[in-house]
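Let's take a walk through this one together, a piece at a time. Have a look at the picture below before reading on.

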Amino acid sequence: MKFMMFVCSDTAPDTDPTELPDIHKWVADNDARGRRLTGNVLAPTSAATTVRVRDGELLVSEGPFAETAEVIVGFDLLDCADVDEAIEVARSHPMAREGRLELRPFGALSS
């Protein structure tokens, strides 16, 4: 089952003083197990471009779709047996403590 894991900032990170897990180890471990198919860090929201079409007119604006304190800073495409395995993968990601991770399964396209 494939999941998009959105890696997001958070205004209230964990205050636990213990060292964060190493992101390079997390990537290598999950790549080796075939649970992480790809992923990357995103450029800052200042580099975003929002595209819409309204009444046939193309509307392009600089910046993100929404102005929020929490933003998507990266992503990982996961391939897990089920949502419980995806949660375990997310739980060990450093941003589970520094930010937040949103797991969203891929849905079927309607015809």
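**Starting with the cysteines**

The sulfur of Cys80 is 17 Å from the closest cysteine sulfur, the one in Cys8, so the two are too far apart for a bond. A disulfide here means a pair of cysteine sulfur atoms within 2.5 Å, and a search of the whole structure turns up zero of them. Cys80 counts as buried because its relative accessibility is 4%, and Cys8 is buried too, at 10%. "Buried" stands for under 20% relative accessible area, "exposed" for over 50% and "partly exposed" for anything in between, using a 1.4 Å probe and protein chains only.

A word on where this comes from: the model is predicted, so local features need pLDDT of at least 70 and side-chain atom pairs count only at pLDDT 80 or more, while totals for chains, interfaces and linings use all residues. Residues are numbered from 1 along each chain as its sequence is written, and side-chain values use heavy atoms, with hydrogens and water left out.

Now step back to the whole chain. It has three helices and six strands, arranged from the N terminus as β-α-β-β-β-β-α-α-β. Helices (H or I, at least four residues) and strands (E, at least two) are DSSP runs, numbered from the N terminus. Of the 111 residues, 23% are buried.

Which order do the strands of the open sheet take? Four strands form it in the order 2-5-1-6, with antiparallel pairing. Strand 2 and strand 6 (100-105) are the edges, each pairing on one side only. Two strands count as paired if DSSP finds at least two bridges between them. Strand 1 (residues 2-8) is joined to strand 5 (residues 72-79) by seven bridges, and there Phe6 stands opposite Phe75. On its way to strand 6, strand 1 makes six bridges, with Met4 partnered by Arg104. Strand 5 also has five bridges to strand 2 (residues 36-41), where Leu77 is the bridge partner of Thr38.

Helix 1 (23-32) lies across strand 1, strand 2 and strand 5, at about 155 degrees to strand 2. Helix 2 (83-91) lies across strand 1, strand 5 and strand 6, at about 155 degrees to strand 6. For these angles, axes are lines fitted to C-alpha atoms, for helices over the stretch in contact, and angles run from 0 to 180 degrees between N-to-C directions.

Cys80 comes back in the largest nonpolar core, which has 10 residues, including Phe3, Trp26, Leu78 and Val89. Such a core is a set of buried Ala, Val, Leu, Ile, Met, Phe, Trp, Tyr and Cys residues joined through side-chain atoms within 4.5 Å. Nonpolar side chains tend to be buried together in soluble globular proteins. Leaving aside neighbours within four places in sequence, Leu78 is in contact (heavy atoms within 4.5 Å) with residues that include Phe3, Met5, Ala86 and Arg35.

That brings us to Arg35, in the loop between helix 1 and strand 2. Is Arg35 buried or exposed? Its relative accessibility is 13%, so Arg35 counts as buried. The Arg35 side chain makes a polar contact with the side chain of Asn30, at 2.7 Å. A polar contact is a pair of N or O atoms within 3.5 Å; within protein, one must be able to donate a hydrogen and the other to accept it, and residues adjacent in sequence count only if both atoms are side-chain atoms.
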